[in-house]
Amino acid sequence: MDSLILAATEDTPEVNFVPEKNIFSFSNVSLPEDAIEFYQPIFNWLKEYTENPNPTTNFDFSVEYINTASSKQIFDMMLLINKMANKSDITIRWHYDVLDEDMLMLGTRYKNLLKVKFELVEYSNDED
Amino acid sequence: MELLENNHMELAYKLFKRVNNNDFEYVYRGNFTQNITKSILDLAQINLRTGIAKSSIQKRVYFIMMEGMQNITRHQGLIGDKEIEMPGIFAIQKRGSNYYVTTGNLIKKENVVGLKSKLEQLNLLEPAQLKLLHKEILVSGHISNRGGAGLGLIEMARKSGRKLNFDFNEIDDNYSYFYFQTEILSNNDKKDFSVYPFPELDKNSVIDIKNLHNTLNSDDILANFNGNFNQKNILSLLSIIKSQINKTSTSKKLYNIMVEMLQNISKHADVIDDIPSEGKSGVFFLCRKTNQFMLTTGNYIKNNKIEILKEKIDNVNSKNTKQMSDYYNYILLKSGESDSKKTGLGFLDIRMKSDNKLIYSFRNINDNFSFYALQTSISLNK
C-alpha cells in the first residue's frame with residue numbers, strides 16, 4: 001500500500017504513514033479552520049490500511065498545539081485505529097510535553113475512551 | 001448568566017469602532033525582541049497583501065515599520081526598570097488608502113528638547129536637502145553611539161514623503177514618552193517626493209495613538225488587533241503571542257484558548273454589511289493583570305442567534321468539573337457531525353482550560369445585529 005505523507009504547514013500536522021517501514025507518525029500542530037476537510041484524506045487512507053494492516057502497528061502522536069475541531073477528528077482517527085485491533089497488534093503512543101498538562105489530559109481522555117493499547121509518553125522540550 | 005461587568009465590554013466596543021470595514025489596526029504594547037518584531041512584520045505583511053495596496057506601498061510600509069521597531073530596540077534597555085514598568089507601543093493602522101506607523105517609547109526628559117529640534121529641522125528640509133543630508137552622514141560617518149546616526153529618521157522622512165509627526169507625553173520629572181508617526185499615502189506612488197511641498201501635519205492622528213496608549217497602559221493591555229479575522233491573520237497573531245510569553249503550562253493554555261476564541265470570530269462572526277472583505281470584522285485584546293491573563297474578543301452577531309449562544313455558554317458555565325469531562329467525552333463519542341464548523345467543543349474546552357467561567361455581553365446595534373464580546377481569564381498562580 002502507498003504511504004501517506006503530508007508535510008507540516010503553519011496550521012496542519014506532519015503525517016508520515018509508511019506501512020513499508022512500519023512507521024506511523026503524526027506530529028506538530030493541528031489548527032486548521034476546516035478540520036473535517038483536512039482530515040478526510042487521512043480517514044480515507046486509514047480505512048484502506050485497516051483492510052490489510054501490518055502485523056504490528058504503532059501510531060505515534062506528538063502534537064504540540066491543537067484546536068478543538070482537530071481533537072475531535074484525531075479521536076475519530078483513533079476510533080478507526082481501534083477497529084483494526086483484531087487484525088494488527090496496535091499501540092497508540094501519545095507523546096506530550098512535560099509542561100503541557102492539557103495535552104496529558106487529552107491523551108488520558110482518549111486512552112480512557114479506547115480499548116486499544118495506549119501509552120502516554122512524556123518528553124521534555126527545554127531547548128529554550 | 002455571566003455578564004461582562006468590568007470595563008472591558010465598553011473597551012472592546014470602543015476599540016472595535018475605531019476601525020472601519022477593510023481597515024485594520026494592530027497595536028502591540030511591551031518590550032521588543034527580534035522574534036516579536038519579526039512576527040509583527042509578518043502580520044502586517046499579511047494584512048497589507050490582502051488590502052489594495054500596491055506592492056511599492058507595501059514595501060514602503062514594511063520598511064518604515066522595520067525602521068521604527070529597530071529604532072525602539074536600539075534604544076531599549078537604556079532606561080532600565082522604568083521601561084518594564086512603562087512599556088512602549090507600536091501601532092500599524094490602515095485607514096482608507098493611507099497607512100500610519102507609530103512608535104511610542106520612553107526617553108529621558110533631558111533628551112526631549114534635542115530630539116524635538118532635530119525632528120523640526122528635518123521637517124524643514126526639502127527632499128533634495130534630505131537626500132544630501134543622508135549622503136553627508138553616510139560619507140562623514142557621524143554615527144551616534146547608538147549606531148543610529150539619525151539615518152533612520154531621515155530615511156523614514158524620505159520614504160514617507162510626508163513630514164514627520166511626533167509628540168511627547170510627560171510621565172514624571174525624569175521621563176517622557178516619545179511618539180513618532182509616519183504616514184504613507186498609497187496614491188503617492190510615483191517618486192518618493194511627489195507630494196512636495198509636504199502638507200502640514202495633522203497632529204490628531206499621533207495624539208490619537210498617545211491617548212490609546214494611555215488606555216492600554218491603564219488596562220494593562222499587551223496586544224490589540226482590530227480588523228478582518230481570517231486564518232492567516234490568526235496564525236500571525238498567535239505567533240506574536242507565542243514570542244511574547246514564556247514557555248510554560250500557562251502560556252500553552254493561553255495559546256490554545258486564543259486559537260479557539262480567534263477561530264470563533266473567523267468562523268462564526270456575522271457581517272453587518274455587504275462590503276466584500278477577506279475575513280470577519282472583529283476585535284481582540286490580551287490583557288495581563290498581576291495574577292491572570294484576560295483575553296477578550298468582540299464581533300457582530302445576528303440578533304436571532306443570541307439566545308442560542310447564551311444558552312450554550314450558560315450551559316458550559318453551569319457544569320462542574322465532572323460534568324464538563326463527561327460532556328467532553330459525550331461529544332467525542334457522538335458521531336455523524338457533518339457541520340465542520342460546529343464541533344461543539346470550543347466553549348467547553350475554553351472553560352476547562354481556563355478553569356474560569358466565560359463572561360459575555362451583547363450590545364444591541366440595530367434590529368438585526370448586536371455586538372458580542374466574550375472574555376476568558378486564565379489564572380497565573382498555578
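Which residues of α7(B) are buried? Here are some notes on that and on a few other spots.

1. A word on conventions: this is a predicted model, in which local features need pLDDT of at least 70, side-chain atom pairs count only at pLDDT 80 or more, and totals for chains, interfaces and linings use all residues. Residues are numbered from 1 along each chain as its sequence is written, chains are lettered from A and ligands numbered from 1 in the order in which they are written, and side-chain values use heavy atoms, with hydrogens and water left out.

2. Back to the question: the buried residues of α7(B) are B:Leu151, B:Gly152, B:Leu153, B:Ile154, B:Glu155, B:Met156, B:Ala157, B:Arg158 and B:Ser160. Buried means under 20% relative accessible area, exposed over 50% and partly exposed in between, with a 1.4 Å probe and protein chains only. Because 9 of its 10 residues are buried, α7(B) is largely enclosed by the rest of the structure. Its cover includes α3 (55-75), α5, α6 and β5 (175-185) of chain B. Helices (H or I, at least four residues) and strands (E, at least two) are DSSP runs, numbered from the N terminus. After α7(B) comes B:Gly161, with a positive phi near 65°.

3. In α6(B), the buried residues B:Pro127, B:Leu130, B:His134 and B:Ile137 lie on the same side of the helix, because they cover an arc of only 85° around the axis. That arc is taken from the directions from the helix axis to the C-beta atoms. The face turned away from this buried side carries the exposed residues B:Ala128, B:Lys135 and B:Val139. Among the elements covering the buried residues are α5 (112-124) and α7 (151-160) of chain B.

4. B:Ser354 sits in helix α13 of chain B and is buried, with a relative accessible area of 3%. Leaving aside neighbours within four places in sequence, B:Ser354 is in contact (heavy atoms within 4.5 Å) with B:Ile257, B:Thr376, B:Ser377 and B:Ile378.

5. Finally, the largest cavity has a lining of 15 residues, with A:Asp102, A:Leu106, B:Tyr328, B:Asp349 and B:Lys353 nearest its centre. On a 1 Å grid over the protein atoms alone, a cavity is a set of points where a 1.4 Å probe fits but cannot get out, and lining residues have an atom within 4 Å of a point. At least two lining residues each come from α2 (68-83) and α3 (101-113) of chain A and from α13 (346-354) of chain B; α3(A) gives the most, with 5 residues.

Terms used
1 Å grid on protein atoms, 1.4 Å probe; cavity = no way out; pocket = protein on both sides within 12 Å on 5 of 7 lines; lining within 4 Å.
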